[in-house]
Amino acid sequence: MSLKKKSANYISAKESREISKKNRKITKELEKKRNRKHIPEEEYITKMKNPENCVEFDNVHTYFFTDIGTVKSVDGVSFDVPQGKTVGIVGESGCGKSVTSLSLMQLVQRPAGQTVEGEIRFNSGDKVVNVVNAPASVMQKLRGNYMSMIFQEPMTSLNPVFRIGEQIDEVIELHNPEKSKEEVKARTIELLEMVGIANKEGVYQMYPHELSGGMRQRICIAMALACDPKLIIADEPTTALDVTIQAQILDLLRNLKDKINSSIMLITHDLGVVAEMADYVVVMYAGRVIEKGTAREIFKDPRHPYTIGLMNSKPVVGKKVDKLYSIPGSVPNPVNMPDYCYFKDRCNMCVDACDGAYPCEYHVSPTHVVSCYRCAEGGTANEQ
């Protein structure tokens with residue numbers, strides 16, 4: 001038994017060298033293609049399938065080429081972010097939520113991390129850009145101006161040796177070089193007021209360590225909103241905050257979204273936050289989208305066993321239980337994913353068809369899509 005376990009999880013130095021050599025060849029080719037000096041517009045200018053969408057993820061694959069194998073962090077993700085709407089992305093840690101958003105921003109750590117397949121179509125208003133093929137010069141114009149990100153941990157997002165005002169000023173100066181220093185400072189003060197900071201002049205002169213977690217999170221939101229982006233990516237914006245500050249931050253995001261008419265991609269573990277904020281919900285598991293639909297469909301009628309497990313694991317007000325439900329088992333090894341449904345080994349609702357290949361997408365309704373054989377009857381199949 002121990003020998004079998006060792007052979008399954010053990011990799012020799014020789015095998016590791018062979019994998020590294022193979023990966024270097026792959027990443028070198030990808031980097032060579034990406035670092036060309038003059039990339040023609042035809043390669044990255046495209047059209048939206050639905051002009052009312054702000055972003056369309058279409059069969060996106062983002063891999064990390066490591067010394068022990070290829071980690072398929074995002075493995076064929078497809079969903080849309082409509083203009084002016086909030087899309088909540090949920091799932092347990094390591095399911096690919098943050099990597100999906102970093103792929104959209106083209107901030108995946110290269111050369112080990114690469115988006116190897118699929119399209120991410122971003123509608124900037126003037127043009128539609130396929131982010132996967134876009135050169136760095138184009139992305140620099142998109143990031144900040146049209147799409148921005150509120151990162152997961154505000155203390156590590158802010159530079160500890162620069163004052164708050166200098167850090168927000170830098171964002172505005174970078175994207176608006178025509179503005180004078182007085183205009184830049186006035187805009188920074190306006191942003192600090194917009195995110196609910198009362199002592200805006202005082203905070204402008206402070207360092208990050210002088211502020212509380214909620215204040216630092218507000219600073220990160222102010223930096224993200226500096227150029228009135230069309231898309232705000234909020235990567236767990238309330239994780240480290242207490243419930244009172246959480247409610248304030250969510251109210252702030254909701255009001256600002258309506259004020260500048262932007263879309264929000266909200267990445268979170270908190271189903272309560274999703275229920276309150278999101279118009280649409282995308283449930284991810286092991287790098288794939290397993291269920292997506294409107295917030296009402298997902299919360300009132302969850303179909304995938306994993307989504308049902310997530311719903312059962314949240315505490316309910318007024319319901320007394322001895323122990324909260326937890327989904328049994330663990331996520332499969334991302335280097336060697338099975339060729340059947342990734343959730344099968346943890347699922348207590350398996351049917352005979354689950355012994356076959358990974359399930360395709362089944363439409364329960366025009367907006368509700370589930371990747372589960374239990375939905376095969378009564379649903380229309382959409383081959384992946």
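The largest nonpolar core has 35 residues. Ile150, Ile168, Ile219 and Ile221 have the most contacts inside this core. At least two core residues come from each of α6, α7, α8, α9, β7 (231–235), α10, β8 (263–267) and α11 (271–277). Helix α9 gives the largest share, six residues. The model described here is predicted. In soluble globular proteins, nonpolar side chains tend to be buried together.

Ile219 illustrates the packing. Not counting residues up to four places away in sequence, Ile219 touches Leu158, Ile164, Ile168, Leu192, Ile197, Val203 and Leu211. Another core lies apart from the largest one and holds 34 residues. Val55, Val87, Ile120 and Met265 are among them.

Helix α9 is mostly covered, with 10 of its 12 residues buried. The buried residues are Gly214, Arg216, Gln217, Arg218, Ile219, Cys220, Ile221, Ala222, Met223 and Ala224.

Aromatic rings were examined next. A pair of aromatic rings is described by the distance of the centres and the angle of the planes. The count comes to five aromatic pairs. One of them, Phe57 with Phe79, is stacked, at 4.6 Å centre to centre and 20° between the planes. This pair links distant parts of the chain. Phe57 lies in strand β1 (residues 53–66) and Phe79 in strand β2 (residues 69–82), 22 residues apart. Phe57 has a relative accessible area of 2%, so Phe57 is buried. Phe79 counts as buried because its relative accessibility is 3%. The cut-off for buried is under 20%.

Tyr306 and Phe343 form an edge-to-face pair, with 5.4 Å centre to centre and 70° between the planes. Distant parts of the chain are again linked, here by residues 37 apart. Tyr306 belongs to helix α13 (residues 305–312), whereas Phe343 sits in the loop between α13 and β11 (361–363). Tyr306 is buried, at 0% relative accessibility. Phe343 is buried too, with a relative accessible area of 4%. Ring pairs join Tyr285 to Tyr306 and Phe343 in a cluster.

Charged groups also meet aromatic rings. The charged end of Lys185 sits over the ring of Tyr204, 4.9 Å from the ring centre. Lys344 lies over the face of Tyr340, 4.8 Å from the centre of that ring.

The whole chain sets these details in context. The protein chain has 13 helices and 13 strands. Its radius of gyration is 22 Å, close to the 21 Å that the globule rule gives for 384 residues, so the chain is as compact as a globular protein of that length. Along the principal axes, the C-alpha trace spans about 70 × 60 × 45 Å. Of the 384 residues, 47% count as buried. Among contacts with a separation of 6 or more, 64% join residues 24 or more positions apart.

Technical notes:
Residues are numbered from 1 along each chain as its sequence is written. This is a predicted model: local features need pLDDT of at least 70, side-chain atom pairs count only at pLDDT 80 or more; totals for chains, interfaces and linings use all residues. Side-chain values use heavy atoms; hydrogens and water are left out. Buried means under 20% relative accessible area, exposed over 50%, partly exposed in between (1.4 Å probe, protein chains only). Helices (H or I, at least four residues) and strands (E, at least two) are DSSP runs, numbered from the N terminus. Rings of Phe, Tyr and Trp (its six-membered ring) pair if their centres lie within 6.5 Å; planes under 30 degrees apart count as stacked, over 60 as edge-to-face and the rest as tilted. A charge sits over a ring if NZ of Lys or CZ of Arg is within 6 Å of the ring centre and within 35 degrees of the ring normal. A nonpolar core is a set of buried Ala, Val, Leu, Ile, Met, Phe, Trp, Tyr and Cys residues joined through side-chain atoms within 4.5 Å. Contact means heavy atoms within 4.5 Å. The radius of gyration is taken over C-alpha atoms; the globule rule is 2.2 Å times the number of residues to the power 0.38.
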